[in-house]
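Let's take a friendly walk through a protein model, one part at a time. Keep the structure open beside you as you read.

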Amino acid sequence: MKEIVEIYTDGACKGNPGIGGWGALLRYGHTTRELFGGEPHTTNNRMELTAVIRALESLKRGCRVRLHTDSQYVQQGISAWIHDWKKRGWRTADKKPVKNEGLWRRLDELTLRHDVEWIWVRGHSGDEGNERADELANRGVESVRA
């Protein structure tokens, strides 16, 4: 059985829209990897999605993943809403285009490569992995400001 990669992701935005950052903490056995980045004009939801995408893109082969996010938008979107969006041609229930469609499509592609368990965690509640992902996302914001 494959060992599980634990991933914690978070997004941050100073203003919404505004300067944004994303962060991801990956743990596999005794190995830890940290990723972060940012964009000058974005939204919090885009940064939450980008964090997950960049983390999954960084995996070199198909993996079992336990992905922890404090974003209900990401967790619900990929676990529940995406199925109906795809059936409706990337439209919401009220027939509007799905926001961030390109990011959702990329995330959908990546989930086919991996066995992902989606775990929602309460943000800023002391979860060590989530707190570190938050720090990395804020570092992403600062990398844009620098």
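## Strands side by side

Arg 27 stands opposite Thr 32 in strand 3. Before going further, note that this is a predicted model, in which local features need pLDDT of at least 70, side-chain atom pairs count only at pLDDT 80 or more, and totals for chains, interfaces and linings use all residues. Residues are numbered from 1 along each chain as its sequence is written, and side-chain values use heavy atoms, with hydrogens and water left out.

Strands (E, at least two residues) and helices (H or I, at least four) are DSSP runs, numbered from the N terminus. Two strands pair if DSSP finds at least two bridges between them. The table shows two such pairs.

| Pair | Sense | Bridges | Residues between the strands | Glycine with positive phi |
|---|---|---|---|---|
| Strand 1 (residues 4-14) and strand 2 | antiparallel | nine | three | Gly 15, about 90° |
| Strand 2 and strand 3 (residues 31-42) | antiparallel | 10 | two | Gly 29, near 60° |

Each of these pairs forms a hairpin. Strand 2 (residues 18-28) is mostly covered, with eight of its 11 residues buried; buried means under 20% relative accessible area, exposed over 50%, and partly exposed in between (1.4 Å probe, protein chains only).

## The core

In soluble globular proteins, nonpolar side chains tend to be buried together. Here, a nonpolar core is a set of buried Ala, Val, Leu, Ile, Met, Phe, Trp, Tyr and Cys residues joined through side-chain atoms within 4.5 Å. The largest one has 30 residues, of which Ile 7, Leu 56, Val 65, Trp 104 and Leu 107 touch the most other members. Elements giving two or more residues to this core include strand 1, helix 2 (72-87) and strand 5 (115-120). Its largest share, seven residues, comes from helix 1.

Not counting residues up to four places away in sequence, Trp 104 touches several residues, among them Leu 49, Tyr 73 and Trp 90; contact means heavy atoms within 4.5 Å.

## A threonine in helix 3

Is Thr 111 buried or exposed? Thr 111 counts as buried because its relative accessible area is 18%. This residue lies in helix 3 (residues 101-113). The side chain of Thr 111 reaches the backbone oxygen of Asp 108 at 2.7 Å. Leaving aside neighbours within four places in sequence, Thr 111 is in contact with Ile 78 and Trp 118.

Key. A polar contact is a pair of N or O atoms within 3.5 Å; within protein, one must be able to donate a hydrogen and the other to accept it, and residues adjacent in sequence count only if both atoms are side-chain atoms.
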